[in-house]
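Reader: Could you walk me through a few parts of this model while I have it open?

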Amino acid sequence: MYGEPALPPDFVSLPYVNADAPKGGRLILGESGGFDSLNPFIVKGQAPGQLTALTVETLLGRSIDEPFTMYGLLAETVETDAARTFVEFTLREEARFSDGSPVTVEDVLWSFETLGTLGSPRYHTAWKKIASAEATGPRSLRFTFNTEDRELPLILGLRPILQKAQWQGRAFDETSLEAPIGSGPYMVADARPGQAITYRKNPDWWGKDLPFNRGLHNFDEITVEYFGGAGVVFEAFRAGELSVWLESNPAKWLTNYNFPGVTEGKIKLAELPHQRPSGIEGFAMNTRKPLFADWRVREALTLAFNFELINSTLNGGALPRIASYYSNSQLAGDVANPASGRVLELLSPFAADLPPGTLEGYALPVSDGNEANRKNLRAAVALLEEAGWTVQNGKLTDGNGAPFAFEILLQNGSDDLIAAANIYVQALTRLGIEARLTTVDAAMYKQRMTDFNFDMTHYVRSLSLSPGNEQTLYWGADEALVPGSRNVAGISSAAVDAMIQTMLQTADPAEYRAAVQALDRLLTAGRYVIPIWYSDRARMAHDARLKYPDKLPIYGVFPGFYTEAFWMEE
């Protein structure tokens, strides 16, 4: 995205892999929830999370040891101009789908148009920025852009490439239990909705000798088993049925890992730091609903959330709170202090419409850790009164006597979140607010989120060290009312949109960083999500036979990394 790639043209492998990792063995993972479709490219249905990454490939592959750098995968060359007004790819002649048929220019063009028009909304934004898409040779094609967006050549390089022939005579935008034919290292060997899915290595995988793939995709089989909740998944791991477990709770990390598998040396424990941003996780408010449209109400609800008590109860107080969306990274702005320099200049044209704290500085409220949380609740009452809410007969009501009542929607099995929400509900009753907690299964949760049929819900969004087009999907005004979009909170802000455009259009790294820091301020002071905690390290328990590279990438260890770069030693 900026500067030169870290690796030379003749690199032999990525820097965070064991290039000579042994091949073979079986990785068994566990997840709560389930799936009811093998079409991960559309809004409808719930598809397995690993399906695309394991079975389908893209034109370019991303190195997770650099903020945003792409290397050739299906494409052997990529060409663009200084202004990045177009991008041209040349396909590798040897690239093949799992059925042995070649990956063609026609497949690529069909994939881009189909995803951009019938696929999930996350594919639509980039497609709208393409003025023309055309074949320029037997193995080459060019995309010319109608919008200034320096990230587009990289974004297009990440689009999944599907086999056109498989979808002829079929509705692309309908769910299906027929696995997509991809060109990736694995094929779906067995799929039992609600139970398990197994991916088996393609012995004829065309890309196994590419330098980009050397040391990756080492297992013969990867199985994902599904359970009713996270607690049940952990018990399966304890029983030796699963290969790896990432522990999100530091208090449990200190107390729950003295079971026989650990003491006998069959399970290894590791703490592995990373350098990625905290991202955002917490309870998002649906600002499409009038109840949450006023920033004073959102701030009052944030004041009522006793983070210190909840963190102490659930995590032993060990996890830091998310201070802003890009905290724990070089992109973080000092959001608690007044904006200055270029950040202030970027935000000033929108000053009249910005919520308090955006320019002046905004810090999350801190409680004394006691259940009463009197100071913050008094401040919440004052803000609610300003917004027209008063307590009548023990109930908070508006000027028409309508009660302040809402639902917190969570997915079954979210044990820690359910516990946090229950503490929060009790605190809200002290304000006269009637909050009710509802838990639903994965399929119902996805449908309600697609329809924006919620008041408040759990929200988590991982963020990269090179934010770009995906920011439009997460917070852009054009996405706020699109069913199934990732703009869960319904953010609609001209200032947010302007900062994203600056990020996409500038070639100056300093201007880019200022725009990201300004965006960080807008999102944090917008009070769209009540932030909870993050971890600056992965706490991983794993089968002692499971190995990983000595050098870890800057993005650290996450589920997609151990399916790619880990290996088994019997």
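Reader: At what angle do α15 and α16 pack?

Author: Helix α15 (residues 494-505) and helix α16 (residues 509-525) pack at about 160°, and their axes lie 8 Å apart. They are therefore roughly antiparallel, a label for angles over 145 degrees. This is a predicted model in which local features need pLDDT of at least 70 and side-chain atom pairs count only at pLDDT 80 or more, while totals for chains, interfaces and linings use all residues. Residues are numbered from 1 along each chain as its sequence is written, and side-chain values use heavy atoms, with hydrogens and water left out.

Reader: And which residues of α15 meet α16?

Author: Among them are Val496, Met499, Ile500 and Met503 in α15, and the residues they and others meet in α16 include Tyr512, Val516 and Leu519; contact means heavy atoms within 4.5 Å.

Reader: Which strands does β16 pair with?

Author: With strand β17 (residues 434-440), β16 pairs in the parallel sense over seven bridges, and Leu410 has Thr439 in β17 as its bridge partner. Strand β18 (residues 456-461) also runs parallel to β16, joined by two bridges, and there Leu409 is partnered by Thr457. Strands count as paired if DSSP finds at least two bridges between them.

Terms used
Helices (H or I, at least four residues) and strands (E, at least two) are DSSP runs, numbered from the N terminus. Axes are lines fitted to C-alpha atoms, for helices over the stretch in contact, and angles run from 0 to 180 degrees between N-to-C directions. Angles under 35 degrees count as roughly parallel, over 145 as roughly antiparallel, 65 to 115 as roughly perpendicular and the rest as oblique.
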